[in-house]
Amino acid sequence: MAMREQLRNFFSHSLSLAEVSAELFGIELQEAVECWLGHLFWISMLAIFSGLVGLLLSVLLLILFWDTHRVEAALALLTFYAAGAGFAAWRLRQRLVHAEPLFSASLAEVRELRRMLDRDRRGEE
């Protein structure tokens with residue numbers, strides 16, 4: 001009878017721990033999705049308006065230098081945009097390489113639960 005009760009308690013506690021971990025995972029996932037959707041919206045707005053500014057500035061500079069230095073102006077614009085694209089690509093790569101892992105709080109919670117169970121198991125032996 002005691003063995004059955006211990007097994008029932010063990011499975012009850014295991015299910016409770018799994019439920020807490022799943023709930024934390026779901027909350028973290030929801031927060032990550034909301035955060036990234038907000039970032040995505042503002043990134044797209046920034047890209048649209050920055051692109052329009054760059055396009056109109058390029059047209060203005062080419063119009064201003066059309067009679068005297070149109071090729072040099074076009075090459076200068078090309079160099080500037082290539083450098084900007086290279087810098088953006090480098091920064092994006094840096095952010096992706098050094099990004100915090102997704103669901104780090106859930107993983108930390110699972111590790112802590114595992115440590116607690118290991119301590120309990122060692123205490124029973």
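This is a predicted model: local features need pLDDT of at least 70, side-chain atom pairs count only at pLDDT 80 or more; totals for chains, interfaces and linings use all residues.
User: What kind of aromatic pair do Phe87 and Trp90 form?

Analyst: Three aromatic pairs are found in a search of the whole structure, and the one formed by Phe87 and Trp90 is tilted, with 5.9 Å from centre to centre and 35 degrees between the planes. Because these two residues are three apart in helix α2, about one helical turn separates Phe87 from Trp90.

User: How should I read the packing of α1 and α2?

Analyst: Two packed helices are described by the angle between their axes and by the distance between those axes. Here the axes of α1 and helix α2 (residues 70–97) come within 9 Å and cross at roughly 160 degrees, which means that α1 is roughly antiparallel to α2, and the crossing is right-handed.

User: Which residues of α1 and α2 meet?

Analyst: From α1 come Gly54, Leu55, Ser58, Leu61 and Leu62, and they meet Arg70, Ala73, Ala74, Leu77 and Tyr81 in α2. The residues of this contact divide into seven nonpolar, two polar and one charged.

How values were computed. Residues are numbered from 1 along each chain as its sequence is written. Side-chain values use heavy atoms; hydrogens and water are left out. Axes are lines fitted to C-alpha atoms, for helices over the stretch in contact, and angles run from 0 to 180 degrees between N-to-C directions. Helices (H or I, at least four residues) and strands (E, at least two) are DSSP runs, numbered from the N terminus. Angles under 35 degrees count as roughly parallel, over 145 as roughly antiparallel, 65 to 115 as roughly perpendicular and the rest as oblique. A crossing is left-handed if the near helix is turned anticlockwise from the far one by less than a right angle, and right-handed if clockwise. Contact means heavy atoms within 4.5 Å. Ala, Val, Leu, Ile, Met, Phe, Trp, Tyr, Cys and Pro count as nonpolar, Asp, Glu, Lys and Arg as charged, and the others, Gly among them, as polar. Rings of Phe, Tyr and Trp (its six-membered ring) pair if their centres lie within 6.5 Å; planes under 30 degrees apart count as stacked, over 60 as edge-to-face and the rest as tilted.
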